[in-house]
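Please look over the sequence and the structure shown here. The notes that follow start with strand pairing and then turn to the whole chain.

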Amino acid sequence: MSTVVLSIGSNLGDRLGRLQSVVDGLGDAVRAVSPVYETEAWGGVEQGPFLNAVLVADDPALDGHGWLRRGQQLEEAAGRVRGQRWGPRTLDVDLVTCHDGDTEVTSRDDGLTLPHPLAHLRAFVLIPWLAVDPEATLTVSGEKRPVARLLAEIDPAERDGVALTEFVLHTGTA
């Protein structure tokens with residue numbers, strides 16, 4: 001069984017609708033959906049705020065590269081154009097971690113880096129992830145670390161910039 005943690009975000013157009021399109025697109029594969037948070041853009045490019053959430057999904061037919069392709073298909077369906085790095089986007093689907101059963105998938109090839117190399121620095125990933133899995137761990141520099149501890153190491157101002165919204169993403173079973 002391949003299980004993935006996905007960080008999803010949008011800051012253009014119908015932001016909530018774009019996040020919902022990922023939940024809908026993954027259908028029965030979705031196992032958990034975080035609350036929706038609003039955050040300022042990360043990476044230094046001037047742009048509007050993002051809506052962010054984290055999903056946990058599983059599919060025995062997908063490996064890390066399969067999840068990457070699936071995420072890119074969802075981005076493409078939302079009109080994603082890859083332009084400026086860390087620039088505005090209709091939809092961003094990032095693979096944070098992937099597990100094959102109890103084994104964490106690692107990848108360092110050109111198209112796929114797992115676990116995500118910057119996730120431990122992003123409060124907008126860690127806060128929603130903890131909302132769906134308070135015991136989550138992330139491998140950073142070869143060491144498995146509790147996500148709660150990684151979040152505590154992030155600048156408090158960045159943590160405070162991740163604001164819970166009243167928006168809800170709905171699964172087919174909700």
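Strand 3 (residues 37-39) pairs with strand 4 in the antiparallel sense over 3 bridges, and Thr39 stands opposite Phe50 of strand 4. Two strands count as paired if DSSP finds at least two bridges between them; strands are DSSP runs of E with at least two residues, and helices are runs of H or I with at least four, numbered from the N terminus. This is a predicted model, in which local features need pLDDT of at least 70, side-chain atom pairs count only at pLDDT 80 or more, and totals for chains, interfaces and linings use all residues. Residues are numbered from 1 along each chain as its sequence is written, and side-chain values use heavy atoms, with hydrogens and water left out.

Other partners of strand 4

- Strand 1 (residues 2-10) runs antiparallel to strand 4 and is joined to it by 8 bridges; Ser7 stands opposite Val54.
- Strand 2 (residues 30-33) also pairs with strand 4 in the antiparallel sense, over 3 bridges, with Val33 as the bridge partner of Leu55.

Burial of strand 4

- Because 9 of the 9 residues of strand 4 (residues 50-58) are buried, it is largely enclosed by the rest of the structure. Buried means under 20% relative accessible area with a 1.4 Å probe, protein chains only.
- In a regular strand the side chains alternate between the two faces of the sheet.
- Both faces of strand 4 are covered, with buried residues including Val54 and Val56 on one side and Leu51 and Leu55 on the other.

Whole protein

- The protein has 5 helices and 11 strands.
- Buried residues make up 47% of its 174 residues.

Key. Buried < 20%, exposed > 50% of the residue type's maximum accessible area, 1.4 Å probe, protein only.
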